[in-house]
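Reader: Hi! Could you walk me through this model while I have it open in my viewer?
Author: Happy to, let's take it topic by topic.

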Number of protein chains: 2
Amino acid sequence: MANHVKLAKGNADRPARKRATSYDVAELAGVSQSAVSRVFQAGASASKDMRDRVLSAANKLGYRPNAIARGLITQRSNMVAVVISRQTNLYYPEVLVQLTQRFSEHGIRVLLFTLEHERDIDGVIEQVLQYQVDGVITAAILNDAQLDTVENAGIPVIFYNRTLPERLVNSVRCDQEEGERWLVSQLAAAGHKRFAIVSGPDDSSVSMERTQGALQKLRELSIADVLIVSGDYGYASGRAAFSEIMQRMGGVPDAVIAANDVMAIGCVDEARETNYLRVPEDVSIVGFDGVGPARYAAYDLSTVRQPVGRMSEAAVSMLIERIESPGLSPEKRVFSGDRIIGGSALLADSNS
Amino acid sequence: MANHVKLAKGNADRPARKRATSYDVAELAGVSQSAVSRVFQAGASASKDMRDRVLSAANKLGYRPNAIARGLITQRSNMVAVVISRQTNLYYPEVLVQLTQRFSEHGIRVLLFTLEHERDIDGVIEQVLQYQVDGVITAAILNDAQLDTVENAGIPVIFYNRTLPERLVNSVRCDQEEGERWLVSQLAAAGHKRFAIVSGPDDSSVSMERTQGALQKLRELSIADVLIVSGDYGYASGRAAFSEIMQRMGGVPDAVIAANDVMAIGCVDEARETNYLRVPEDVSIVGFDGVGPARYAAYDLSTVRQPVGRMSEAAVSMLIERIESPGLSPEKRVFSGDRIIGGSALLADSNS
């Protein structure tokens with residue numbers, strides 16, 4: 001905490017003020033506190049005279065009904081927690097804006113929790129519980145014990161782009177496997193044979209699903225010898241990964257499958273700038289996510305775009321349903337990604 | 001609000017549960033409610049036996065001290081509002097992560113408010129007050145009446161990258177004017193004469209400061225005939241702006257000054273792809289912000305980077321100081337941007 005700085009004289013323009021309470025308003029208006037509550041409660045009755053007196057007093061005192069105190073009575077805080085991990089991936093800020101705006105339309109505010117890494121979730125859970133949020137949307141994975149803790153507190157959880165396969169959980173996901181399988185089949189059908197994969201951080205379940213999805217399809221196509229190098233979702237790590245691929249393969253791969261667009265962009269730049277390769281003529285590079293820079297003309301990535309709008313809409317409506325009706329059975333919603341054919345890779349459908 | 005869906009039978013695995021209160025814990029532990037409070041209050045005394053009994057009961061019931069109820073007593077909610085406008089500008093997500101993590105170190109959570117446009121601030125203010133936050137950091141401008149409303153509620157406000165020049169306010173800013181003046185003087189000293197400016201949205205005070213800063217310096221250098229076109233901070237608007245510049249100038253400008261990096265990237269792509277121009281040989285293009293894509297090799301922007309880390313640290317510490325000591329006099333902190341010489345523009349110092 002910051003120090004308590006005591007000043008001999010405060011700024012006269014900005015005195016420390018106590019917030020006006022409903023009791024202050026009741027006293028000034030000459031009515032009961034419960035009358036003040038009724039005036040500020042949607043659907044409750046109050047005479048016009050009563051309403052005028054209370055609103056006039058409230059206005060004079062700068063009183064506003066306390067959403068939080070009301071929440072203590074209704075057992076609703078009208079706040080939900082959104083947990084995201086550090087945004088090296090440009091994709092999440094867009095999700096966050098969408099979630100916040102959609103909740104806002106329902107009178108619900110977002111309490112934000114950011115993790116440096118997905119594995120830092122433990123400390124966050126205790127905080128989430130202390131703030132008595134009505135629900136949680138998490139873009140970080142919880143283990144069984146962590147999920148137990150939150151569910152035992154009566155708080156519904158929606159996993160965003162994650163799920164626990166062995167358990168009844170609510171989740172909204174983009175179909176990572178399906179997207180990767182499409183990319184691989186397109187690349188293979190265009191004649192590519194030497195593949196490399198750039199995976200994301202070890203603790204990213206999304207990266208794991210994407211990498212596994214690509215590997216599985218490659219195996220099915222009898223392409224067994226695939227080099228996997230790892231990055232951290234960031235641009236620099238994409239450049240380093242491409243350089244590592246060149247070294248370890250002792251030459252140029254036919255195709256590089258990056259676990260996100262930002263690393264794919266790093267691969268494109270490293271291929272061009274350091275290795276004087278043409279993209280896609282000398283090497284095909286694909287990403288995943290459909291972030292803004294993927295559409296910059298210098299990159300024009302072939303990629304799979306997550307339908308952020310529909311996914312965030314689904315997450316918000318699923319969470320609100322479960323806040324209102326705690327007994328609802330779990331649901332998993334999986335959205336197909338949009339298939340984007342850009343100029344960064346030779347795909348079977350490139351010229352169709 | 002979502003409909004109240006009534007189900008004949010809920011999911012037996014996930015019953016609706018009421019949150020355990022301190023009274024429930026007290027009953028189970030056979031102690032008073034105030035004893036439970038003491039156990040969970042930092043610095044308050046409780047015997048080891050008392051502590052063991054309370055913690056054991058709390059654990060059985062899944063009880064956690066209610067940070068919000070505690071806030072009602074201490075007049076602190078331990079929440080602050082962060083208001084941002086829609087993130088077409090890639091710069092703000094980074095700010096948001098930094099602010100959230102720094103507040104978190106002080107046990108303070110961020111309640112997030114997003115605006116489609118800066119002018120939508122009015123509706124947000126009422127919400128901010130209802131949630132009884134301890135303070136506000138706003139990346140949207142407030143007018144005098146709006147600021148009065150918040151200050152009258154006793155809530156300190158820090159303007160982020162904005163200020164009200166006629167008024168005593170707290171603000172943390174990057175020196176937009178200084179940054180633009182440096183860019184212009186570098187471009188002019190390199191021999192550029194025909195200038196165009198791509199401004200941001202009309203309701204962005206940051207865009208206005210940047211545009212005015214550039215214009216002022218151009219006037220001082222007796223370069224009076226400057227074309228100004230406007231964008232919305234997005235990539236597509238940067239491309240459209242460059243195209244409009246070519247048309248209205250009837251040829252290629254020497255230098256384009258974009259109000260942010262993303263629009264500068266759009267200008268670079270439109271110059272190269274549509275007009276077959278070389279950057280910087282045929283046209284110099286500069287941005288502002290220092291976002292990640294500005295360092296992608298295909299763009300390598302000359303720009304001014306906002307010192308996000310130091311700015312967010314300053315905003316957090318200023319707000320916490322003012323929450324602890326409401327009488328503190330206002331302070332304005334202005335940070336110089338970091339000057340980045342990239343390959344997108346011929347600058348006087350390019351070869352130094």
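Reader: Where does B:D289 lie?
Author: B:D289 sits in the loop between β9 and β10 (303-305) of chain B. Helices (H or I, at least four residues) and strands (E, at least two) are DSSP runs, numbered from the N terminus. This is a predicted model, in which local features need pLDDT of at least 70, side-chain atom pairs count only at pLDDT 80 or more, and totals for chains, interfaces and linings use all residues. Residues are numbered from 1 along each chain as its sequence is written, while chains are lettered from A and ligands numbered from 1 in the order in which they are written.

Reader: Thanks! What is phi of B:D289 near?
Author: Phi there is near 130 degrees, a positive value in a residue other than glycine. Most residues other than glycine have a negative phi, and most peptide bonds are trans.

Reader: And is B:D289 buried or exposed?
Author: B:D289 counts as buried because it has 30 C-beta neighbours inside 10 Å. The cut-offs are 20 or more other C-beta atoms within 10 Å for buried, 12 or fewer for exposed, and partly exposed in between, with C-beta atoms placed from the backbone.

Reader: Where is A:Y276 found, then?
Author: A:Y276 is in the loop between α11 and β9 of chain A. It has a positive phi of about 50 degrees although it is not a glycine. A:Y276 is exposed, since 8 other C-beta atoms lie within 10 Å.

Reader: Which residues does a cis peptide bond join?
Author: In chain A, a cis peptide bond joins A:V279 and A:P280, with omega about 15 degrees. A:P280 is in the loop between α11 and β9 of chain A. In chain B, a cis bond joins B:V279 and B:P280, and omega is about 10 degrees. B:P280 is in the loop between α11 and β9 (284-286) of chain B.

Reader: Let's move to α11(A). How many of its 14 residues are buried?
Author: 11 of the 14 are buried, so α11(A) is largely enclosed by the rest of the structure. Among them are A:M263, A:A264, A:I265 and A:C267. The buried residues of α11(A) pack against β6 (195-199), α10 (235-249), β8 (255-258), β9 (284-286) and β10 (303-305) of chain A.

Reader: What should its 14 residues span at 1.5 Å a residue?
Author: They should span 20 Å, and the end C-alpha atoms of this helix (residues 261-274) are 19 Å apart, which agrees. The expected span is 1.5 Å times one less than the number of residues.

Reader: Nice. What about α1 of chain A, which residues are buried there?
Author: In α1 (residues 22-29), the buried residues are A:S22, A:V25 and A:A29. Seen down the axis of α1(A), they fall within an arc of 60 degrees, so they line one face of the helix. The arc is that of the directions from the helix axis to the C-beta atoms. A:G30 follows α1(A) and has a positive phi, near 70 degrees.

Reader: Over to β6(A): how many of its residues are buried?
Author: 5 of its 5 residues are buried. A:F195, A:I197 and A:S199 are on one side, with A:A196 and A:V198 on the other.

Reader: In what sense does β6(A) pair with β8(A)?
Author: β6(A) and β8(A) pair in the parallel sense over 4 bridges; two strands pair if DSSP finds at least two bridges between them. β6(A) and β7 (residues 227-230) of chain A also pair in the parallel sense over 4 bridges. A:V198 stands opposite A:A258 in β8(A) and opposite A:V229 in β7(A).

Reader: Last one, A:V172: what does it touch?
Author: Not counting residues up to four places away in sequence, A:V172 touches A:I158, A:Y160, A:M311, A:A314, A:A315, A:M318 and A:R333. Contact here means that the C-beta atoms, placed from the backbone, lie within 7 Å. A:V172 lies in strand β5 (residues 170-174) of chain A, and it is buried, with 26 other C-beta atoms within 10 Å. The C-alpha atoms of A:V172 and A:A315 are separated by 6.1 Å, although the two residues are 143 apart along the chain.

Definitions and conventions:
Two residues are in contact if their C-beta atoms, placed from the backbone, lie within 7 Å.
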